[in-house]
Amino acid sequence: MTPYQALANAIVELAVKDYKKALKQHYRFPDNEDYAAEVNSVERFFHSGWYGMLTDLDGEYLITGVRRMVRKEVAA
């Protein structure tokens, strides 16, 4: 893995962590506009051209998987 690939992977990993955190807060406090805005912001990143340059992983697939994971964690 090249240093650039490692950096790209780290950026995507951090976005996933941020997304999980924002989703958990949004599910717990659905009326809080700040949490909803953060969720929307990270989702826009997953659909962006920059994200597409960083990875070949489909952004919508990632969003769906993270949402499924967070729902299970919040329900537990």
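In these notes, contact means heavy atoms within 4.5 Å.

**Setting up**

I am looking at a predicted model, where local features need pLDDT of at least 70 and side-chain atom pairs count only at pLDDT 80 or more, while totals for chains, interfaces and linings use all residues. Residues are numbered from 1 along each chain as its sequence is written, and side-chain values use heavy atoms, with hydrogens and water left out.

**Entry 1: Phe46**

I started with Phe46 and asked which residues it touches, not counting those up to four places away in sequence. I found Ala15, Val16, Tyr19, Tyr51, Gly59, Leu62 and Ile63.

**Entry 2: helix α2**

Next I looked at α2, which runs over residues 33–46; helices here are DSSP runs of H or I with at least four residues, numbered from the N terminus. α2 has 14 residues and reaches 20 Å from its first C-alpha to its last, close to the 20 Å expected at 1.5 Å a residue (the expected span is 1.5 Å times one less than the number of residues).

Which residues of α2 are buried? I noted Val39, Val42, Glu43, Phe45 and Phe46; buried means under 20% relative accessible area and exposed over 50%, with partly exposed in between, using a 1.4 Å probe and protein chains only.

**Entry 3: Glu43**

I stopped at Glu43, buried with a relative accessible area of 15%. Beyond residues up to four places away in sequence, Glu43 touches Tyr19, Ile63 and Arg67.

**Entry 4: Leu23**

Then I moved to Leu23 in helix α1 (residues 3–28). Leu23 is buried, with a relative accessible area of 0%. Leaving aside neighbours within four places in sequence, I found Leu23 in contact with Val39, Val66, Arg67 and Val70.

**Entry 5: the core**

Last, I looked up the largest nonpolar core, which has 17 residues; such a core is a set of buried Ala, Val, Leu, Ile, Met, Phe, Trp, Tyr and Cys residues joined through side-chain atoms within 4.5 Å. Tyr19, Phe46 and Val66 have the most contacts inside this core. Two or more residues come from each of α1, α2, α3 and α4, and α1 gives the most, with 7 residues.
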